[in-house]
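Hi everyone, thanks for coming. I'd like to walk you through one structure today, starting with its salt bridges and ending with its backbone. Here it is.

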Amino acid sequence: MSEPTGTTAAAEAGAEAQGAAGSERGARAVPGEKRQVLLARVIAAVAGGVVLFLAFPPLDWWLCAPLGIGLIAASLHGARPRRAAWLGYLGAAAFLLPGVAWVRTIGDDVWLMLVATESVFYAAMAALAAPVFRLRAWPLWFGGLWVLMEWARGLVPIGGFPWARAAFSQGESLFTPYAALGGAPLVSFAVTLCGALLAYAVVDRRQVRLKAPIRGAGRLVPVALAVAVPVLGSAVPRYGDEGRTVNVGIVQGNVPGRGMYALGDEPAVVLRNHANETKRLAQAVRDGKLPKPDIVVLPENSTDIDPYRDEYARQVISDSVRDVGVPTLVGAVVAIGEENRATRSLVWDPVTGPGAYYDKQHLVPFGEYTPFKEIVLALWERANLVGRQSVPGDKPGDLTMGPVTIGAVNCYEVAYDDTVRGTVRAGGTPLVVQTNNASYALSNLPPQQLAMSKLRAVEHNRAVVTAATTGISAYVTPDGKVSWQTRELVADMNVVKVPVRTKETIATKVGALPEWALMVMGAAAAGFAAWRGRRRADHMRNDG
């Protein structure tokens, strides 16, 4: 990639001074070289997407993230906006096709539509970035545009899709500490900046114009800066232990089915599985095999029957909670009126029964509710599997359980910065993620979700406890290390000693400010570069 791209950069060095139009004429003058460069761009874009995918779980080759983004940046460097857009789309598709392959459980058509839609955001980012590559310090501005793209992806359409952000490939890496300063957006920026600096060292035309000895030394500067970005993450302040702990019981009951029919056809099987596993935990405590828990956490959908409306479900849950003898967080889907429902984290007391609760705020489109309901239901029979339409909650998940106030986060929500941050600010500690990954068992979704929990732990200085129906259930320490986890598709339980932290990180305090600063920086650079390009084109027309 470096040789043909460098040759093009040298050939276009004079044309840059004359503006974009002169550069285009120069490219047309050497059609053979143009085809060679185009092929190199395509190869770099596709290779960049594939290498970026390798950074994500379950492979977790985190260093591939800056390398992949660097290849994508190199493929865009010197391209006009239209060409940059489809190169960005191509790189995104190469990344997202394997990156969100877990969606294939729902259907290959849904998977392809999701990839096609999400790749548009990368294409738009690439088009905006094309003129930015003419500016000095363009790796900084490119990093800001990447953050802007990920923000937009997490916002629209229909509530956004913030999975597969660059930050979520860094659950446990040299970049992870940046989460405590600026959350996931700053981690994504640091990864992108590192990759863009590597690309700068290879393809930037300013290097090409220098004499060989100076050029060699000049390339070392961006490479050194690229190395410095992750290394400086170790300088981010860490938070010490506060001397307080809580024993948390974690229950994973498993389900009878697989895929879209994971809960099986027989009612109450999932409910009984989790009730029985809770009783097994209680027996292990009585036998002295496990320490006594202060609270117990069950996963999302740990009861497949509404305990408010069904006496049998209520009795099964009450028996198991009385057996374990401590407040238990139950995951239930409960009816709201006659037509709607809510995905609920419900505190169940061994004496008084159901009490305080948190209703999931960020709902899964086409999983918990159906956007454009009339049209979608008419076109796709599978959409009828949603059944009752879920309604979102409007309050953070701070729930008092025994000696602590936990921060309840429900499954899909762990990908959303504002939801997790709001729960921590409301006083939630430790964070408790209830999740139901049963339909996606053994895909790359469960490990991706665990990586998000690792990043959130560092971002907010909070331990994270995850309870999943089929796995991966886990305990993540406040420094992002997985202390215990289950295998998938097995029933399991444990009691873990979890630190209770109350000190807020800078990221928790400042919220979205770093993200907005980075986005404004990138957008301003793109606007300035576009204005300067138009001004040069006007000068050329006037001179002509």
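Let me start with a count: there are 13 salt bridges here, where a salt bridge is a side-chain nitrogen of Lys or Arg within 4 Å of a carboxyl oxygen of Asp or Glu. Before I go on, please keep in mind that this is a predicted model, in which local features need pLDDT of at least 70 and side-chain atom pairs count only at pLDDT 80 or more, while totals for chains, interfaces and linings use all residues. Residues are numbered from 1 along each chain as its sequence is written, and side-chain values use heavy atoms, with hydrogens and water left out.

One of those salt bridges pairs Glu-118 with Arg-153, and their closest N and O atoms are 3.3 Å apart. Glu-118 sits in helix H7 and Arg-153 in helix H8, so this pair ties together parts that are 35 residues apart in sequence. When I say helix or strand, I mean DSSP runs numbered from the N terminus (helices are H or I with at least four residues, strands are E with at least two). Both Glu-118 and Arg-153 are buried; buried means under 20% relative accessible area, exposed over 50%, and partly exposed in between, with a 1.4 Å probe and protein chains only.

How do H7 and H8 cross? The axes of H7 (residues 108–132) and H8 (residues 138–153) come within 10 Å and cross at roughly 155 degrees. Those axes are lines fitted to C-alpha atoms, for helices over the stretch in contact, with angles running from 0 to 180 degrees between N-to-C directions. The two helices are therefore roughly antiparallel, a label for angles over 145 degrees, while under 35 is roughly parallel, 65 to 115 roughly perpendicular and the rest oblique.

Next, Arg-286 and Asp-323 form a salt bridge, with closest N and O atoms 2.9 Å apart. Arg-286 belongs to helix H12 (residues 269–286) and Asp-323 to helix H13 (residues 311–324), so the pair ties together parts 37 residues apart in sequence. Here Arg-286 is partly exposed, at 47% relative accessibility, and Asp-323 is partly exposed too, at 26%.

Now look at Arg-456 and Glu-459, whose side chains meet in a salt bridge at 2.8 Å, N to O. They are three residues apart in helix H16 (residues 445–460), which means about one helical turn separates them. Arg-456 counts as buried at 1% relative accessibility, and Glu-459 is buried at 2%. Salt bridges that share partners join Arg-165, Asp-417, Arg-456 and Glu-459 into one network.

Finally, the backbone. Most residues other than glycine have a negative phi, and most peptide bonds are trans. Which peptide bond here is cis, with omega near -10 degrees? That is the bond from Val-156 to Pro-157, and Pro-157 is in the loop between H8 and helix H9 (179–203). Another cis peptide bond joins Gly-471 and Ile-472, with omega about 10 degrees; Ile-472 lies in the loop between strand S10 (464–468) and strand S11 (474–476).

As for phi, Asp-60 has a positive value near 65 degrees, in the loop between H4 and helix H5 (64–76). Leu-489 also has a positive phi, near 60 degrees, and its place is the loop between strand S12 (482–485) and strand S13 (492–499). That's my tour, and I'm happy to take questions.
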